[in-house]
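I want to jot down what I look up here, one item at a time.

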Amino acid sequence: MTSSTKVEEYITDSLLRQDRMPHIWCPGCGIGPAVGCFIRAIESSGLDQDKIALISGIGCTGRVAGYVKLDSFHTTHGRALPFAMGLGLGNPELNVVVFSGDGDLIAIGGNHLIHTARRNVDMTVICLNNFNYGMTGGQMGPTTPLNARSNTSPYGNIEYPFNVPYLVAASGATYVARWTMLHARQLEWSIAEALTKPGFSFIEVLGPCPTLYGRMNKMARGMDSLNYYKENSVVRNGADPKDVDLTSDGPIVVGKFVDIERPTFWEQCQLVIDRAQAKKD
Amino acid sequence: MSENGALCGTYFLNGDEPCAEGAMSAGCRFFAGYPITPATEVAERMSERLPHVGGIYVQMEDEIASMNAILGASWAGMKSMTSTSGPGFSLMMENLGLGVMLETPCVVVNIQRAGPSTGLPTLTAQGDMMQARWGSHGSYEIIALVPSSPQEIFDLTIEAFNLSERYRVPVLVMSDEAVGHMSEKVVIPEIAPENLVTRPRPNDGREGYLPFKANDDLIPPMAIAGEGYRFHVTGLTHDERGYPVMTAEAQDKLVRRLVDKIRVHRNDIIKYEEIGVEDAEVIVCAYGISARIARLAVQQAREESVRVGLLRLITVWPFAEDRIRELAQQVKAFVVPEINYGQIVLEVERCAAGKARTLLVEHMGGSVHNPQTILDAIKKVAK
Amino acid sequence: MKLWRTPFDQAEKATRPAKVLIDKDRCKGCSYCVEFCPRGALVLSDELNPKGYTLAAVADESKCLGCGLCDILCPEFAIHLVLNFTES
């Protein structure tokens, strides 16, 4: 007997725009589980959901904003961070979350990424890294591992990729973690922790792109990627971000790498207001 | 200082400074910008004055980020502004389009300098007029105002905020280096709250709120983040729910409304000043700093008994085409002095539609026209 | 296995048989739930959904421990566990 049935009520659905389901992501895509972790993290953190704003850029992961029932903004390619910064400074009561892909945040939005981290703007950034540009059909990007194939690196990628946690930590982020989609429980806790932590929090999530990156790199089924994560992941909380490079054959170091305190940009802005008004009086 | 933070009184200011004061008088409390000559003084003034009124000045990493930050702040309910010049204006174009698509009130000030590229950073031009209209991709309408004095840049910055809030569209203040860097008397009055416009807000319940369902005036009420509306907005072509819809029908419905919401209200938006047009045979159509030069040329021509009038465009976009069409029936010719190689003259020519001759008095930038060249042009067409 | 005392967290960690509901419209047959179910309670069935994807289905409900791994790994938000399910 099969008990497959139409589900009417589902916990995750309370924060999904159900009128937009099923979503556009391919079978086995890593974005869905990451969104699930995000939704459960919101629920477990007990935050006022009306005060959470979700901003995405462009790309497969850029579509996340459109599927989650929060005040959500689908902006232009790479510009989710400055948009989110304006939104958060406009209303400091908002808990601002940027959910976007590696190409969006690290390639075209790379400048905004380092500067938003440098200012320690109060927001949580969830970066889904699938090692390539999915929406446009599987081109290489700044996170594509060396020698990996893609539709624009048919002879193998010759560029060295970013070590994303290292980049973000060096720029000044106060919370940096990396998990794979398979570390769903840890990812959920990590997001909940980041959501409630002031300052710039950055979580890199590795997720499979079986249709494009996987197909071109001998991991044509989503399960191939998940097995790869399972066999190669090493949890190393507190690891020095400079040692967490992703290579095509080395271990995938996951864990929480940075968790420090630093005044947030909002607090610094208040300092300016105080100084200016003290000078005036 | 007035209650809204404006430094009421009479001052001797350069053009960039009253721009910042106008913004604060209009209720602007968020400024994001990037230093660029000759617009830097706007940012400097904002960084000094905004904290006094509890506002936030952010110096962004580039103009792309500046444009996005003011859009974000606007969606948090702030009145927001950025200022720039040519190269930065070019960088803002993509996200100006996002502002149009998301129907986000905000103000972008362009203190124009000569281009293309880095051009003449410290010298004037009016070469971005067509970019203001068509700079972002796709079909859209925008509002652009052109001040011709430091006093007017104050007044028009307030007007720009009012129009952007009223019509939910980014409004451009297209000043230039000459106006931006000239120092003149500026009177900063107390702006009564009833003279400030705030965006239309939804008044029915949160359930069933449609972020892009327009009222009869084609403008949808705007919710802001954090109020429980749980709305979605996207730069993709969308329906009334704000959800992406990839069809020709949805594109037609949305883009038609985005354009029409400005076009149908153009008579409420468009402002111009006319001097001596009643009996004119020749009209000098000018804007910004060029209009001030043209005014002198028109005076001189009148002294030489040439029947010439001045049409000074205050709103350049949407273009005052109804008025130009009317005048084209009456006059022999339009003389259009502008500090570029022919931009607004194309619009004048289009509206004159062969009924009156059109003559461009071009200037590639770096300085303003010599009034004599405009006078010569007037005399040439008046013959 | 015989325990010399009752573990403190026995109530919390006890397996909770659940009814696994799979949304046929959402499932795209990626097989994550099937592969990661620690008890092999799920299979890919021969049934196709309206979009032509192979559907995951419950093979043996009695094997389910209610761990919820299938739910949290499902990329489609298609699996829902009803805990402490009783046939009514």
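I started with the contact between chain C and chain A: 32 residues from chain C and 37 residues from chain A take part, where contact means heavy atoms within 4.5 Å. This is a predicted model, with pLDDT of at least 70 needed for local features and 80 or more for side-chain atom pairs, while totals for chains, interfaces and linings use all residues. Residues are numbered from 1 along each chain as its sequence is written, chains are lettered from A in the order in which they are written, and side-chain values use heavy atoms, leaving out hydrogens and water.

Next I looked up the area. Chain C and chain A bury about 2800 Å² between them, and 59% of that is on carbon and sulfur atoms; buried area is the accessible area (1.4 Å probe) that two parts lose on being put together, summed over both. On the chain C side, C:Tyr32, C:Ile72 and C:Phe77 lose the most area to chain A, together 27% of what that side buries.

Which side chains meet in a salt bridge? I found A:Asp13 and C:Arg26, at 2.9 Å, N to O.

Then I turned to chain B. Helix 10 (residues 288-303) of chain B packs against helix 13 (residues 371-382) of chain B at about 50°, with the axes 8 Å apart. I noted helices as DSSP runs (H or I, at least four residues), numbered from the N terminus. Among the residues making this contact are B:Leu296 of helix 10 of chain B and B:Ile374 of helix 13 of chain B.

Note on methods: Axes fitted to C-alpha atoms, helices over the stretch in contact; angles between N-to-C directions. Helix = DSSP H or I, 4+ residues; strand = E, 2+ residues; numbered from the N terminus. Salt bridge = Lys/Arg side-chain N within 4 Å of Asp/Glu carboxyl O.
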